[in-house]
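Opening the notebook on this one. I'll jot down what I looked up, entry by entry.

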Amino acid sequence: MAEKKATKAAAPKAAPAKATAKKAAPAKKATLTINAITVGFNAGDVYETLNKAGKALTVAEIAKLAKISEKETLLGLGWLFREGKIKDEENKVALA
C-alpha cells in the first residue's frame, strides 16, 4: 500500500483591512466657571494687562495680551468697573 502524503491545506488569505477614516471627535467647548475666585483672578489679569500697556485697549487686545478668553475678559472688566478702577476712553478701556 502506498501511503498518501499529508498536504497542508492552504490557509485562506485574510482580506486586506479596509482603511477606515476616523471621524474627528467634536471639539470640546471650554466651560466658563463663574464664581468669585475665578472672576477675581480674571479681574487681576485684566488690571495687570492694562497697567503694563499703559494705554487704553480694546476688549480683544486685553484678552489676547492677558491670554484669556473675551468672556473672561468681560467678567474681569465688570469687576473692575464696579470697583471704579477702569474707565471708558473712546470705546476702549483704560485704568481710572
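**Loop residues with positive phi**

I started with N91, which counts as exposed at 72% relative accessibility (exposed is over 50% relative accessible area, buried under 20%, partly exposed in between, with a 1.4 Å probe and protein chains only). N91 sits in the loop between strand 1 and strand 2, and its phi is near 65 degrees, positive although the residue is not glycine. E90 is in that loop too, between strand 1 (86–89) and strand 2. I read a phi near 50 degrees for E90, again positive in a residue other than glycine. E90 is exposed, with a relative accessible area of 77%. I noted these because most residues other than glycine have a negative phi.

**Ground rules**

This is a predicted model, so local features need pLDDT of at least 70 and side-chain atom pairs count only at pLDDT 80 or more, while totals for chains, interfaces and linings use all residues. Residues are numbered from 1 along each chain as its sequence is written, and side-chain values use heavy atoms, with hydrogens and water left out. Helices (H or I, at least four residues) and strands (E, at least two) are DSSP runs, numbered from the N terminus.

**Helix 2**

Which residues of helix 2 are buried? In helix 2 (residues 59–66) I found I62, A63 and A66 buried. Seen down the helix axis, the buried residues fall within an arc of 100 degrees, so they line one face of helix 2 (the arc is that of the directions from the helix axis to the C-beta atoms). K64 and L65 are exposed on the other side of helix 2. The buried residues pack against helix 1 (36–53), helix 3 (70–83) and strand 2 (92–95); contact means heavy atoms within 4.5 Å. Leaving out residues up to four places away in sequence, A66 touches D45 and T49. K67 follows helix 2 and has a positive phi, near 60 degrees.

I also checked K52, which lies in helix 1 and is exposed, with a relative accessible area of 72%. K52 and L65 are 13 residues apart in sequence and 9.9 Å apart in space, C-alpha to C-alpha.

How do the axes of helix 1 and helix 3 cross, and at what angle? They come within 7 Å and cross at roughly 85 degrees. Axes are lines fitted to C-alpha atoms, for helices over the stretch in contact, with angles from 0 to 180 degrees between N-to-C directions. Helix 1 and helix 3 are therefore roughly perpendicular to each other (65 to 115 degrees; under 35 is roughly parallel, over 145 roughly antiparallel, the rest oblique). By class, their contact has nine nonpolar, four polar and one charged residues. Ala, Val, Leu, Ile, Met, Phe, Trp, Tyr, Cys and Pro count as nonpolar, Asp, Glu, Lys and Arg as charged, and the others, Gly among them, as polar.

The axes of helix 2 and helix 3 come within 9 Å and cross at roughly 105 degrees, and these helices are therefore roughly perpendicular as well. V59, A60, I62 and A63 of helix 2 meet E70, T73, L74 and L77 of helix 3.

**Core**

Last entry: the largest nonpolar core has eleven residues, among them A43, I62, L77 and V93. Such a core is a set of buried Ala, Val, Leu, Ile, Met, Phe, Trp, Tyr and Cys residues joined through side-chain atoms within 4.5 Å. Helix 1, helix 2 and helix 3 each supply at least two of its residues, and helix 1 gives the most, with three.
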